[in-house]
Amino acid sequence: MGAAGYLINNRGEYAPNIEPEIEPIFNSFENPYLFHKGLPEYYPTPLTQLNHLSGLLGVGNILVKDEGRRFGTSALKILGASFATHELLKSNPAVKGICTATDGNHGRALAWSAKQNGLSCVIFVPCHTAHSRIKYIADEGAQVIVSQGRYDDAVAEAKEYARLTGYALVQDTSWAGYLEIPAIITAGYYTQMHEISQQTRNLSIPRIDIVFVQAGVGSWPSSVVHFIRKKLNNQTVKIVCVEPYESDAIYESVKQNALAGTRKSQKTIMAGLNCGTPSILAFDILRQGVDAFVIIDDQYAIDAIKYLNAPLPGDPYIAAGESGSAGLAGLLAILNNDMLAPLKQFLEIKTKSNILLFNTENVTDPEYFNQLLNGNKKNHAPEF
Ligand SMILES: Cc1ncc(COP(=O)(O)O)c(C=O)c1O
C-alpha cells in the first residue's frame, strides 16, 4: 500500500476571487473553442469508455477524455499554448519571440505554436528533464536551455530571459503581477470541456458523478473546475484534485489556507505534475470548486499506466504517460488504500458511480516508460 493523504473540502458557494481585469478572460468560454475549431489540424479528441475496468473496480462507468494526440503533439497543453500565442500576436504582432519554462508538455506545445506562427522560441527545462522530452521540444524548432535547478528555477530563468531579451514570456503559471497570459492559457483549455459537453450527450450515461483532475501548478485543473462550476453551473458533481505525494504544493496550500510550496522531496515519476508552488490564479478556483484533494504514491501511477496501456480484454488501448495516468491513479488509490476509506465514503463511490478521468498526455519518455511497464524500475526520483 503506497503513501497517500487527503483533505475533504467543505465548499460553500462557488465565488472565486478573480481580479476584475482577469475575470472576462476566465469567463470567455467560447472564444478558445472557436479559435481551435478554425485550425486545420482540429478534431475533437476521443472520450472513451472503459467498461471492463469499471466492472473490475466495481464502479458504474469510467470515461476517459484522451488528450494524447491533441494536434499531433502528445498532451492537452497545446490547447493553452496555441490560444495564448494567437492572442499575444493579436495584441502584439511585432513580438520578437516567445519563451517559457516547462517540465516538457507546455514547452513542446509552445514550440509547436511558435513554429506555426513563424516565431522564434526559447524553452527552459529543469535539470532532470528526460532527453526524449527535450528532443520533442527541439524537434519543433525551439532552442532548449537546461536549468541547473528544478521547475521553479527554470521559471525564474525564463522570466529573466524575457526581461533581458524582450521576448514575451508565455508561462502557464501565474504570480502577483503576471496574470493575463496564464489566464489566457487557462481559457485555452476550455475547448476540451466544450467537446466533453457534446460527447456526453451522445452516451447513455445519465450524469457524471465524480471528476478527477491531476494538478501541477493548477492551471489546467482550474480550467476544468471553472467550466463545470461557472459555465455549466454544476455544483453537485464531485471534483477530486490529484497530486503526487512527493510534490503536493496545492494540497499543502489548501492545508495552510494560503499559497505555499511543497515541503516534500519533489521526487516523483509524474514529471508534468512536479511543481514547487501553485499558480496564484488557479489556487482560489481550486479551493473554491474542488471537493477533495488527494496525494498519492508513484506506485498508483504505475498501476494506472498498466491499466491504460495494457487494457483488460475488450477495453480500448489508451497511450498514457505517467502524469496522464494520474487521474486514474487517484481513483485506484481511493479504492485500494485503507487510509483513504473515509474519502471513498465521502465521494460515495458505488457500483453506479460514473467517473470522468483525463489522460492528459501520451508517453513522452518511452525508454523509461517501457521499464516502468515491464516492472524493471520502481522510482525515477531525480537526484539533487
Ligand atoms: C500531462 C500533464 N497533465 C497535467 C498537468 C497539470 O497541469 P497544471 O500544471 O496546469 O496543473 C500537466 C502540466 O504540465 C501535464 O503536463
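Begin with the largest pocket, which has a volume of about 570 Å³. A pocket here is found on a 1 Å grid over the protein atoms alone, as an open set of points with protein on both sides within 12 Å along at least five of seven lines, whereas a cavity is a set of points where a 1.4 Å probe fits but cannot get out; lining residues have an atom within 4 Å of a point. Grid points are joined across faces, edges and corners, and a volume is the space filled by probe spheres set on the points.

Before going further, note that this is a predicted model, in which local features need pLDDT of at least 70 and side-chain atom pairs count only at pLDDT 80 or more, while totals for chains, interfaces and linings use all residues. Residues are numbered from 1 along each chain as its sequence is written, and side-chain values use heavy atoms, with hydrogens and water left out.

Now select Arg207, Ile208, Asp209, Asn234 and Val237, which lie nearest the centre of the largest pocket among its 26 lining residues. Helices (H or I, at least four residues) and strands (E, at least two) are DSSP runs, numbered from the N terminus. Coloured by class, the pocket lining shows 14 nonpolar, 5 polar and 7 charged residues.

Next, select the ligand. Of the 15 residues around the ligand, Asn105, Gly216, Gly218, Trp220 and Thr360 come nearest, where being around it means having a heavy atom within 4 Å. A polar side-chain atom of Thr360 lies 2.7 Å from a nitrogen atom of the ligand, and a backbone N or O atom of Trp220 lies 2.8 Å from one of the ligand's oxygen atoms.

Move on to the largest cavity, which holds about 300 Å³ of space. Its lining has 24 residues, and Lys77, Asp172, Gly216, Gly272 and Leu273 lie nearest the centre. Helix 5 (105–116) and helix 10 (219–231) are the elements that give two or more residues to this lining, and helix 10 has the largest share, with 3 residues.

Finish at helix 14 (residues 326–336), where 10 of the 11 residues are buried, that is, under 20% relative accessible area with a 1.4 Å probe and protein chains only.

Note on methods: Buried means under 20% relative accessible area, exposed over 50%, partly exposed in between (1.4 Å probe, protein chains only). Ala, Val, Leu, Ile, Met, Phe, Trp, Tyr, Cys and Pro count as nonpolar, Asp, Glu, Lys and Arg as charged, and the others, Gly among them, as polar. A polar contact is a pair of N or O atoms within 3.5 Å; within protein, one must be able to donate a hydrogen and the other to accept it, and residues adjacent in sequence count only if both atoms are side-chain atoms.
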